[in-house]
Amino acid sequence: MMMVLFYVIFLIPVLFLGYWWFFFFCLVLGFFYFLNSFWFLNYYSMLSYSFGGDILSMSMIFLSFWIVLLMILASCSIYFNKSNYVEFMLVNLILLVFLVLTFSTVNLFLFYLFFESSLIPTLFLIFGWGYQPERLGAGFYLLFYTLFASLPLLISIFYMGYVSSTLYYFLIKVDFNFYLYISMIMAFLVKMPMIFVHFWLPSAHVEAPIAGSMILAGVLLKLGGYGLMRVFGFMFGYGFSYSYIFIGLSIFGSLLVGVLCLYQFDIKSLIAYSSVAHMGLVICGIFTFNFWGLCGSLIMMIGHGLCSSGLFCLANIIYERVNSRSFMINKGLISFMPSLSLFWFILSSNNMASPTSLNLLGEIMLINGVMSWSFFSFIFLMISSFFACCYSIYLYSYVQHGSFFGGFKDFGLSTLREFVLILFHILPLNLFVLSVDILTLWI
């Protein structure tokens, strides 16, 4: 595991040479080297300095690597405009280091430390390269929502370290009560986010640059799911009693947010709200505590990370040409970007769980898991899946069809870089299904 960390840290000198594309290819090279040299085992292996990895950790680390290198590819306008691009690469690299450390540590306190540290580079991305002045408000929303729920988590970790005399995930043994239980899970539920504590997410997405939106949708929301899975490893027995509260809230929230998506006027805002709906299903899967629910949650997290990130990239490609994300202005784009229309169709259909995407497999497993927990949940699952289809079709048809806005003077053509960027989202999302059995072994 130290190999990955040292590789990423030794890329820092490359940054200050200012070689954007060389840095990108170093990340690609590192990703494929580590992918082919790591063990995917259902227990922690490659342990060194209390850092290691099992299948759950490895899948999240490789997702982080993949999304960060695609962020570099998507943010070329920063390089072309010479908009502090060395600092931008440095922030991305620091964020990648924190994410790798978060997913690979075995110590609960170190996990908390790196979990919170990943917030700082994200804030720099939003404040430094965001679009509107409202980005300050969005950044503070993100910061205070996360910190408000994180302080009880920190106190609980200290308490458990005192009682258990260890903070290793697999050695902790504590008699839980309701307050300790809520303190341990609330920070992760806000991060995912759960309905009613999700208000920071749409504003952060809308104000963030494309790199910020990609890392938020692709990886940072998954920190919450990963944290819940780790915490329930030693809180398993106590979790059954209250899981109905969070499953009920989340399954109702998925339905509610599905309706809310149909009211959106901003493309990025719709994609952000659809993330809340999908993460609601993931929360349901984790709180069922059964094989189908937990495996479905992991597969859904990876599938959603790639799909949502790809949709944000497509929205950004339009924004760079039109300078607007409004549905009122972005119409009839199939006439001007027919090649990208195919990518819009594939990712929109993947967003509503179509074959052969990871989203479909994850959703099937989650529906199995939640319905085995309670048969009557099928009503909410059915309606929320229906609304997922509705807002995905709404997103695609509104942007691609209709009369083209007459106020446009010129319209840039799509570049090879943009096609490669979207393909790098679509290929793993639809081809990884062929070997997804690896992800079912971690339980």
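Four salt bridges are counted in this predicted model, a salt bridge being a side-chain nitrogen of Lys or Arg within 4 Å of a carboxyl oxygen of Asp or Glu. Local features need pLDDT of at least 70, side-chain atom pairs count only at pLDDT 80 or more, and totals for chains, interfaces and linings use all residues of the predicted model. Residues are numbered from 1 along each chain as its sequence is written, and side-chain values use heavy atoms, with hydrogens and water left out.

One of the salt bridges pairs Arg 325 with Asp 266, with 3.4 Å between the closest N and O atoms. Arg 325 sits in the loop between H16 and helix H17 (338-351), and Asp 266 in the loop between H14 and helix H15 (267-288), so the pair ties together parts that are 59 residues apart in sequence. Helices (H or I, at least four residues) and strands (E, at least two) are DSSP runs, numbered from the N terminus. Both Arg 325 and Asp 266 are buried. Buried means under 20% relative accessible area, exposed over 50%, and partly exposed in between (1.4 Å probe, protein chains only).

Glu 418 forms a salt bridge with Arg 321, where the closest N and O atoms are 3.0 Å apart. This pair links distant parts of the chain: Glu 418 belongs to helix H20 (residues 416-431) and Arg 321 to helix H16, 97 residues apart. Glu 418 also forms a salt bridge with Arg 417, at 3.7 Å between the closest N and O atoms. Glu 418 and Arg 321 are buried. Arg 417 is buried as well.

Helix H16 (residues 291-322) has 32 residues. Its first and last C-alpha atoms are 46 Å apart, close to the 46 Å expected at 1.5 Å a residue. The expected span of a helix is 1.5 Å times one less than its number of residues. H16 is mostly covered, with 29 of its 32 residues buried. Just after H16, Asn 323 takes a positive phi of about 60°.

Helix H12 (residues 210-231) has 22 residues and should span 32 Å; its end C-alpha atoms are 31 Å apart, which agrees. H12 has a kink of about 45°, centred on Leu 216. The bend at a residue is the angle between axes fitted to the seven residues ending there and the seven starting there. In H12, 22 of the 22 residues are buried, so the helix is largely enclosed by the rest of the structure.

A nonpolar surface patch of about 870 Å² was found. Its members are Phe 196, Phe 252, Leu 256, Phe 375, Phe 376, Phe 378, Ile 379, Phe 380 and Met 382. Helix H14 (243-261) and helix H19 (378-400) are the elements that give two or more residues to the nonpolar patch. H19 gives the most, with four residues. Phe 375 lies in the loop between helix H18 (358-373) and H19. Phe 375 is exposed, at a relative accessible area of 52%. Patches are made of residues with over 30% relative accessible area and no salt bridge; like charges are joined within 9 Å, and nonpolar side chains (Val, Leu, Ile, Met, Phe, Trp, Tyr) within 5 Å. Accessible areas come from the Shrake-Rupley method with a 1.4 Å probe; for residues, only the protein chains shown count as cover.

Backbone exceptions were also located. Most residues other than glycine have a negative phi, and most peptide bonds are trans. The peptide bond from Met 192 to Pro 193 is cis, with omega near -5°. Pro 193 lies in the loop between helix H10 (178-191) and helix H11 (200-207). Another cis peptide bond joins Pro 355 and Thr 356, with omega about 0°. Thr 356 is in the loop between H17 and H18. Met 46, not a glycine, has a positive phi of about 55°. Met 46 lies in strand E1 (residues 45-48). Ser 165, also not a glycine, has a positive phi of about 60°. Ser 165 occupies the loop between H9 and H10 and is exposed, with a relative accessible area of 65%.
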